[in-house]
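Colleague: I'd like to learn how to read a few features off a model. Could you walk me through them?

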Amino acid sequence: MQRRGVGSVLLTRLIAEARRMNKHAIVGGIASDNVASIALHQRFGFVETGRMPQVGFKFGRWLDLVLMQKLLT
């Protein structure tokens with residue numbers, strides 16, 4: 001489903017629902033090699049707040065986790 005706008009639709013709905021529920025922030029954790037997802041979150045106003053090196057292992061290699069946050073209020 002890449003490059004079809006599904007992620008944008010989902011993120012738009014998630015942000016709207018979080019605002020409706022009066023949440024203060026949304027936090028996401030994204031594998032550092034997932035450049036498209038990081039860029040998508042940045043387009044929606046998420047900022048990188050931290051990195052956790054080598055916390056995941058997939059396809060025979062260690063992955064870093066990028067923490068991203070969007071303040072809603």
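This is a predicted model: local features need pLDDT of at least 70, side-chain atom pairs count only at pLDDT 80 or more; totals for chains, interfaces and linings use all residues.

Colleague: Fine. Where does Phe59 lie, and what is its phi?

Modeller: First the general idea: most residues other than glycine have a negative phi. Here, Phe59 sits in the loop between β2 and β3, and its phi is positive, near 55°. Phe59 is also exposed, at 75% relative accessible area. For that scale, buried means under 20% relative accessible area, exposed over 50%, and partly exposed in between (1.4 Å probe, protein chains only).

Colleague: Which element holds Gln54?

Modeller: Gln54 belongs to strand β2, residues 47-58. Gln54 isn't a glycine either, yet its phi is positive, about 50°. With 51% relative accessibility, Gln54 counts as exposed.

Colleague: On to charges. How many salt bridges does a search of the whole structure find?

Modeller: In general, side chains of opposite charge can pair when their charged atoms come close. The cut-off used here is a side-chain nitrogen of Lys or Arg within 4 Å of a carboxyl oxygen of Asp or Glu. Searching the whole structure turns up three.

Colleague: Which residue does Glu17 pair with?

Modeller: Arg20; the closest N and O atoms of the two are 2.6 Å apart. They are three residues apart in helix α1 (residues 6-20), so about one helical turn separates Glu17 and Arg20. Glu17 is partly exposed at 35% relative accessibility, while Arg20 is exposed at 57%.

Colleague: And what about Asp33 and Arg61?

Modeller: Those two form a salt bridge as well, with 2.4 Å between the closest N and O atoms. This pair links distant parts of the chain, 28 residues apart: Asp33 is in the loop between β1 (25-31) and α2 (35-43), and Arg61 is in strand β3 (residues 61-71). Asp33 is partly exposed at 40%, and Arg61 is partly exposed at 42%.

Colleague: Which side chain does Glu48 meet?

Modeller: The side chain of Arg51, in a salt bridge at 2.8 Å, N to O. Glu48 is partly exposed, at 41% relative accessible area, and Arg51 is partly exposed too, at 47%.

Key: Residues are numbered from 1 along each chain as its sequence is written. Side-chain values use heavy atoms; hydrogens and water are left out. Helices (H or I, at least four residues) and strands (E, at least two) are DSSP runs, numbered from the N terminus.
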